[in-house]
Amino acid sequence: MLKKVAPAVTRVGFIFNPDMSAYYDQFLPAFETDARQHSVKLTVARVGTETEIDAAVGNLAAAPGGGLMVPPDAYTLVNRELIVQSTAYHRIPVIYSYRQVIKEGGLMSYGPETSDIFRRSASYVDRILKGANPAELPAQAPDKFEFAINLKTATTLTVAPTVIALADEVIE
């Protein structure tokens with residue numbers, strides 16, 4: 001998605017807090033393999049302070065072709081305003097996991113439709129309250145995903161109208 005929105009991207013930063021999301025280290029080899037298939041170099045930014053977030057974004061901005069992925073991570077979610085402001089200042093295309101960030105000025109998101117997750121969770125709560133054993137309920141994974149893009153932010157990065165047309169939701 002990031003390459004579709006910003007074809008000039010050749011380096012993608014992957015930013016997360018290892019104290020809150022240590023499991024990302026397990027997925028990095030697969031992410032790096034996927035990045036190579038798209039002619040992109042993946043750089044990992046393990047952040048734990050606002051200064052480290054600024055440095056990670058600044059490193060991406062230091063040379064042309066930088067982009068950023070912000071995966072689901074409690075720390076980056078709490079610090080989303082700083083990430084949105086810093087990437088906007090440096091004009092770095094960024095993809096988030098949560099649509100909420102796009103309403104707050106982030107460029108784009110691709111992730112599970114959270115309202116669907118909550119809606120489906122209600123049926124589990126209902127079943128448990130009626131006596132079902134939670135251990136016997138089948139695990140569920142998200143099955144609805146959405147691509148959202150912030151039109152105002154997209155215009156500052158000259159995103160192609162054809163990509164904007166692909167979005168499930170365009171936030172103005």
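Trainee: Which residues make a nonpolar surface patch of about 290 Å²?

Mentor: Accessible areas come from the Shrake-Rupley method with a 1.4 Å probe, and for residues only the protein chains shown count as cover. Here the patch of about 290 Å² consists of Met1, Tyr110 and Phe145. This is a predicted model: local features need pLDDT of at least 70, side-chain atom pairs count only at pLDDT 80 or more, and totals for chains, interfaces and linings use all residues. Residues are numbered from 1 along each chain as its sequence is written, and side-chain values use heavy atoms, with hydrogens and water left out.

Trainee: Why does tyrosine 110 count as partly exposed?

Mentor: Buried means under 20% relative accessible area, exposed over 50%, and partly exposed in between (1.4 Å probe, protein chains only). Tyrosine 110 counts as partly exposed because its relative accessibility is 40%. This residue lies in strand E5 (residues 108-112); helices (H or I, at least four residues) and strands (E, at least two) are DSSP runs, numbered from the N terminus.

Trainee: What is threonine 76 in contact with, leaving aside its neighbours within four places in sequence?

Mentor: Contact means heavy atoms within 4.5 Å. On that basis, Ile15, Phe16, Val70, Pro71 and Ile83 are in contact with threonine 76, once neighbours within four places in sequence are left aside. Threonine 76 belongs to helix H4 (residues 74-78) and is buried, because its relative accessibility is 2%.

Trainee: Is isoleucine 164 buried or exposed?

Mentor: With a relative accessible area of 14%, isoleucine 164 is buried. Helix H9 (residues 161-166) holds this residue. Not counting residues up to four places away in sequence, isoleucine 164 touches Ile149, Leu151, Ala154, Val159 and Val170.

Trainee: In what order do the seven strands form an open sheet?

Mentor: Two strands pair if DSSP finds at least two bridges between them. The order is E2-E1-E3-E4-E5-E6-E7, with mixed pairing. Strand E2 (41-46) and strand E7 (169-171) are the edge strands, each pairing on one side only. Strand E1 (residues 11-16) pairs with E2 in the parallel sense over six bridges, and glycine 13 has threonine 43 in E2 as its bridge partner.

Key:
Patch = residues over 30% accessible without salt bridge, like charges linked within 9 Å, V, L, I, M, F, W, Y side chains within 5 Å. Salt bridge = Lys/Arg side-chain N within 4 Å of Asp/Glu carboxyl O.
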